[in-house]
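Hello,

Here is the structure I promised to pass on. Please have a look, then read my notes below.

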Amino acid sequence: MAKRLSEQLADLSVHAKNAEDAADAAQKEAHDKIVARKEQARAAATTAIEKVNQKIKSVGDTAGRNWSAVRAKIAADMSALKAGVADVKHDLSARHAENRAEDLEWEAGYAIDYAIASVEQAKCAVLDACVAPIVQKWRTP
């Protein structure tokens with residue numbers, strides 16, 4: 001049985017709070033701890049992406065067109081994640097560290113903005129789902 005939308009939003013809230021806490025803690029920790037935290041976050045992201053991928057596979061063809069786009073996005077995210085790991089391993093130069101940090105901060109900001117937009121879209125979808133039965137009652141004679 002699928003989770004209720006309110007439960008999914010609660011899960012999203014928990015994940016967002018964990019990300020906020022991790023960002024706060026990362027600013028205060030030593031470099032080695034930050035690297036370890038980054039690897040943990042990368043592993044958690046990979047696990048989350050795989051979980052979404054498995055959910056999509058279980059849905060089957062019922063939402064074919066929409067799920068194809070989601071699958072493509074997940075594949076691109078997974079490729080970007082792997083490419084990011086490769087880039088970090090090849091780019092350890094001290095001269096590039098500051099520029100890389102600025103780029104990563106910008107990417108993190110973009111990801112947060114994207115997540116906020118996704119949350120807002122999810123909120124609209126939840127409200128649409130709540131309003132649909134009411135609209136149906138109005139249309140039924």
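The notes below cover the salt bridges and then the surface patches.

This is a predicted model, in which local features need pLDDT of at least 70, side-chain atom pairs count only at pLDDT 80 or more, and totals for chains, interfaces and linings use all residues. Residues are numbered from 1 along each chain as its sequence is written, and side-chain values use heavy atoms, with hydrogens and water left out.

Salt bridges

The structure has four salt bridges (a side-chain nitrogen of Lys or Arg within 4 Å of a carboxyl oxygen of Asp or Glu). One of them joins Lys-17 to Asp-21, at 3.0 Å from N to O. Both residues sit in helix H1 (residues 5-28), four residues apart. Helices are DSSP runs of H or I, at least four residues, numbered from the N terminus.

Lys-73 pairs with Asp-77 at 2.7 Å, N to O. Both belong to helix H3 (residues 64-90), again about one turn of the helix apart.

Glu-120 and Lys-123 form another, with the closest N and O atoms 3.1 Å apart. Helix H4 holds both, three residues apart.

Surface patches

Patches use residues with over 30% relative accessible area and no salt bridge; like charges are joined within 9 Å, nonpolar side chains (Val, Leu, Ile, Met, Phe, Trp, Tyr) within 5 Å.

Trp-106, Tyr-110 and Tyr-114 make a nonpolar patch with about 420 Å² of accessible area together (Shrake-Rupley method, 1.4 Å probe; only the protein chains shown count as cover). Tyr-110 is in helix H4 (residues 94-139).

A patch of negative charge gathers Glu-98, Glu-102, Asp-103, Glu-105 and Glu-107 (Asp and Glu count as negative, placed at CG of Asp or CD of Glu). Glu-105 also lies in helix H4.

Best wishes

Conventions. Helix = DSSP H or I, 4+ residues; strand = E, 2+ residues; numbered from the N terminus.
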